[in-house]
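Here is a short note for a first look at this model. Please read the points with the structure open.

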Amino acid sequence: MQVAVVTFDGFNELDSFIASALINRCRKDGLEAFITTPTPVVTSMNGVEVTGQRPMEFVTEADVVLIGSGVKTRDVVADDRLISRLPLDPARQLIGAQCSGALVLARLGLLHSMPACTDRKSRPFVEACGVSVLDAPFHAQGNIATAGGCLASQYLATWVITRTLGEDAARDVLDYVAPVGENRQSVERALHAVRAGEAALR
């Protein structure tokens, strides 16, 4: 199973790198994430240059697509040509968005009446799209999920691992990366966030 971590110019490193690093702990189980970019090289909001591992066209073959946020997301959603390179299909793909990535899902018409999670700065722009924003770090309905707040990227990764490999696999990954002495609390917090996000509004 392949995961496209869509990473635009001006991206937030925490979004793309945390999600991909956690998911790639599951390579031995057949789940692998790739930084997927619209150009060969993208530059983060803090000036870090990254070479994409896969081109944008990879989203059509990926089993999971996660869309990170960044300081140029509003430019992304205003670019019809760029948006057209994201033909996502929630009927066969898990699709997640981090913070301002919710704007991309809204632009693609994937949220419909579904509420979303996003960060404080992005909230008014997401609401301007007619999307209800939750005061929560994670929410999922069916095959679509959103997360709000940079460190909530771990919840998106937890959701992906749980949905594809099961909760035990997610527990193993979270336990490994948790701060020493905080393993149990870290694992349970992430799993609780995902469970609560999937149960909300049922």
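1. A polar contact is a pair of N or O atoms within 3.5 Å; within protein, one must be able to donate a hydrogen and the other to accept it, and residues adjacent in sequence count only if both atoms are side-chain atoms. At the start of α1, a side-chain oxygen of N12 comes within 2.9 Å of the backbone nitrogen of L14. Helices (H or I, at least four residues) and strands (E, at least two) are DSSP runs, numbered from the N terminus.

2. This is a predicted model: local features need pLDDT of at least 70, side-chain atom pairs count only at pLDDT 80 or more, and totals for chains, interfaces and linings use all residues. Residues are numbered from 1 along each chain as its sequence is written, and side-chain values use heavy atoms, with hydrogens and water left out.

3. N143 sits in the loop between β8 (138-141) and β9 (144-147). Leaving out residues up to four places away in sequence, N143 touches P90, A91, Q93, L94, I95, W159 and R163 (heavy atoms within 4.5 Å).

4. The side chains of N143 and R163 make a polar contact at 2.6 Å. N143 and G96 are 47 residues apart in sequence, yet 8.2 Å apart in space, C-alpha to C-alpha.
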